[in-house]
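Here is a short briefing to read with the model open beside you. Take the topics one at a time and find each named residue as you go.

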Amino acid sequence: MMNAHEDPGAVLVLAAMAEEAAPLVARLEGAQTVPTPFAAPVTAVRGQLAARPALVVTTGIGVAAATAAATWGILTAGPAVVIAAGSCGGLAADVEVGTLIVGEQFRWSIADATAFGYAPGQVPGGPEQHEAAPDWVEQAEAAARRATGDAGHRRGLMLSGDAFVTADLAAGMRARFPAALSADMETTASARTAEALGVPFVALRAVSDLCGPAAGQQFHLELDVVAEISARAVEELVRAMGAAAGQ
């Protein structure tokens with residue numbers, strides 16, 4: 001177990017699936033498996049990422065899985081920042097597959113307490129949306145710009161909920177959340193957990209599928225391709241952290 005006092009600059013990276021974690025684990029120097037209290041598919045590997053202590057956790061899919069694994073990861077690693085990595089679905093009409101999404105705000109895609117006066121996506125007792133720290137968003141966007149080249153990136157609102165956003169759901173979700181760029185099943189849960197535990201959070205997830213593609217749009221990229229896009233950006237962000245610290 002990593003000690004927060006020993007490694008105040010540690011990084012926690014969360015990915016839902018093993019395929020999304022793989023290019024991150026491959027980048028770790030001195031990689032070692034860390035025992036977790038969870039059953040499969042949750043795994044954890046620690047090592048040095050861009051010369052900084054890092055813990056890569058494969059959380060499993062969904063809000064509950066992400067919350068549990070993120071909580072354990074934060075308490076284990078004592079990180080300076082939590083980074084959500086991997087893939088997501090493209091929701092905005094002008095988002096393309098391969099685009100890297102830099103998460104700035106995070107909402108619940110299917111939460112609906114509007115009958116009681118809450119905003120769409122707002123859970124009673126919670127904020128309308130969770131937000132990444134502005135300075136971390138700036139650093140993450142700079143890393144995305146360096147990592148993506150011609151592939152491009154977008155910065156803004158990400159949605160999460162325990163539903164796969166198919167074409168049938170996409171139109172209604174765009175109407176409810178016109179600014180939303182992407183949808184997945186973990187990021188908002190991880191953002192909320194990091195916020196509750198007082199740790200900065202950012203997301204760098206690449207679009208693998210379009211939620212309701214328009215005619216003529218490429219609608220799918222292989223998971224290993226988008227996982228690599230995300231991993232490059234995460235590595236760039238962590239490297240920039242080291243440079244800023246004079247390492």
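Strand S1 (11-15) and S5 each give at least two residues to the lining of the largest cavity. This is a predicted model, in which local features need pLDDT of at least 70 and side-chain atom pairs count only at pLDDT 80 or more, while totals for chains, interfaces and linings use all residues. Residues are numbered from 1 along each chain as its sequence is written, and side-chain values use heavy atoms, with hydrogens and water left out. Helices (H or I, at least four residues) and strands (E, at least two) are DSSP runs, numbered from the N terminus.

**The cavity**

- On a 1 Å grid over the protein atoms alone, a cavity is a set of points where a 1.4 Å probe fits but cannot get out, and a pocket is an open set with protein on both sides within 12 Å along at least five of seven lines; lining residues have an atom within 4 Å of a point.
- The count is 1 cavity of 30 Å³ or more.
- The largest cavity holds about 40 Å³ of space; for such a volume, grid points are joined across faces, edges and corners, and the space filled by probe spheres set on the points is taken.
- Its lining is made up of Leu 14, Ala 15, Ala 16, Thr 59, Ala 84, Ala 85, Glu 186, Ser 190 and Arg 205.
- By class, this lining has 5 nonpolar, 2 polar and 2 charged residues. Here Ala, Val, Leu, Ile, Met, Phe, Trp, Tyr, Cys and Pro count as nonpolar, Asp, Glu, Lys and Arg as charged, and the others, Gly among them, as polar.

**The largest pocket**

- About 390 Å³ of space lies in the largest pocket.
- There are 20 residues in its lining, and those closest to the pocket centre are Cys 88, Gly 89, Phe 164, Ala 183 and Ser 208.
- Strand S5 (81-90), strand S9 (180-184) and strand S10 (201-210) are the elements that give two or more residues to the lining of the largest pocket.
- S10 provides the largest share of that lining, with 4 residues.
- Sorted by class, the lining of the largest pocket has 12 nonpolar, 3 polar and 5 charged residues.

**Cysteines**

- How many disulfides does the structure hold? There are 0, where a disulfide is a pair of cysteine sulfur atoms within 2.5 Å.
- The cysteine sulfur closest to that of Cys 88 belongs to Cys 211, and at 8.4 Å it is too far for a bond.
- Cys 88 is buried, with a relative accessible area of 5%; buried means under 20% relative accessible area, exposed over 50%, and partly exposed in between (1.4 Å probe, protein chains only).
- Cys 211 is buried too, with a relative accessible area of 5%.

**Aromatic pairs**

- A pair of aromatic rings is described by the distance of the centres and the angle of the planes.
- The structure holds 2 aromatic pairs. Rings of Phe, Tyr and Trp (its six-membered ring) pair if their centres lie within 6.5 Å; planes under 30 degrees apart count as stacked, over 60 as edge-to-face and the rest as tilted.
- Phe 38 and Trp 72 have ring centres 6.2 Å apart and planes at 85 degrees, so this pair is edge-to-face.
- Because Phe 38 lies in the loop between strand S2 (29-33) and strand S3 (43-49) and Trp 72 lies in helix H2, the pair ties together parts that are 34 residues apart in sequence.
- Phe 38 is partly exposed at 27% relative accessibility, whereas Trp 72 is buried at 14%.
- Phe 106 and Phe 201 form an edge-to-face pair, with 5.3 Å centre to centre and 75 degrees between the planes.
- Phe 106 sits in strand S6 (residues 100-108) and Phe 201 in strand S10, so the pair ties together parts that are 95 residues apart in sequence.
- Both Phe 106 and Phe 201 are buried.

- Why is S6 described as largely enclosed by the rest of the structure? The reason is that 8 of the 9 residues of S6 are buried.
- Two strands pair if DSSP finds at least two bridges between them.
- S6 pairs with strand S8 (residues 153-160) in the parallel sense over 8 bridges, and Phe 106 stands opposite Met 158 in S8.
- S6 and S10 run antiparallel, joined by 4 bridges, with Ile 101 opposite Arg 205 in S10.
- S6 and strand S7 (residues 130-131) also run antiparallel, joined by 2 bridges, and Gln 105 stands opposite Glu 131 in S7.
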